[in-house]
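Reader: I would like to learn how to read a structure like this one. Can we go through it feature by feature?
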Amino acid sequence: MAKRYNPNKCKINRNYSISEIALLYQVHKSTVKAWLKRGLIKIDSQRPYLILGSDLRLFLKDLRGINKRPCELGEIFCMKCRSPRIPEQESITFEAESSTYGRIKARCEVCHSSMNRYFRLQELSVLQRHFAVILPLQQKRLG
Ligand SMILES: [Zn+2]
């Protein structure tokens, strides 16, 4: 499970250093630095970096939203990215697991890890259409 960080744990009207955020949320400082790369806003570019509590709160709310985003059509949830991802077109296979269920196997377009999604065989033709939506682009590139 993706870790959830309570956005309300930080105070909106104070500034936090990277170490203070790390302490508050019991994470490594590198995690906070990764948040900065993912869009957490710092007050300015002077070191030590300071982050406004209200910005941190907004970012953590967003982060929860991102982690909770359901898969859109043509996406599979990537366990490594912890996010719905479009699979690499050439990696997609549909396998029947039983008389009623099948499994889509594919690789994540972003991190290239294997992804899995179970589906009812009844849905096969619909799913194949969803995952084929982006096929023409791929063929164009190869052609
Ligand atoms: Zn991935």
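Reader: Which residues coordinate the zinc ion?

Author: Start with the donor atoms. This is a predicted model. The zinc ion is held by the SG atoms of Cys78, Cys81, Cys108 and Cys111, at 2.2 to 2.3 Å.

Reader: What is the geometry of the site of the zinc ion?

Author: Look at the angles among the donors. Four donors count as tetrahedral if all angles lie between 85 and 135 degrees. Here the 4 donor atoms give angles of 103 to 114 degrees, so the site is tetrahedral.

Reader: What spacing do the donors follow along the chain?

Author: The pattern is C-x2-C-x26-C-x2-C. Cys78 sits in strand β3 (residues 76-78), and Cys111 in the loop between β6 (101-107) and β7 (114-120). The pair therefore ties together parts that are 33 residues apart in sequence.

Reader: Is Cys78 buried or exposed?

Author: Check the relative accessibility; under 20% means buried. Cys78 is at 0%, so it counts as buried. Cys111 has a relative accessible area of 24%, which makes it partly exposed.

Reader: Where is Glu75 found?

Author: Glu75 is in the loop between α3 (53-68) and β3. Its relative accessibility is 9%, so Glu75 counts as buried.

Reader: What lies 2.8 Å from a polar atom of the Glu75 side chain?

Author: The backbone nitrogen of Glu72 does.

Reader: Which residues does Glu75 touch, leaving out those up to four places away in sequence?

Author: Glu75 touches Arg69, Pro70, Pro84, Arg85, Ile86, Arg117 and Phe131.

Notes
Residues numbered from 1 in each chain as written. Predicted model: local features only at pLDDT ≥ 70, side-chain atom pairs only at ≥ 80, totals over all residues. Heavy atoms only, no water. Donors = N, O, S within 2.8 Å, 3.2 Å for Na, K, Ca; no water. Tetrahedral: all angles 85-135°; square planar, octahedral: opposite > 155°, others 65-115°. Helix = DSSP H or I, 4+ residues; strand = E, 2+ residues; numbered from the N terminus. Buried < 20%, exposed > 50% of the residue type's maximum accessible area, 1.4 Å probe, protein only. Polar contact = N/O pair within 3.5 Å; in protein donor to acceptor, adjacent residues only side chain to side chain. Contact = heavy atoms within 4.5 Å.
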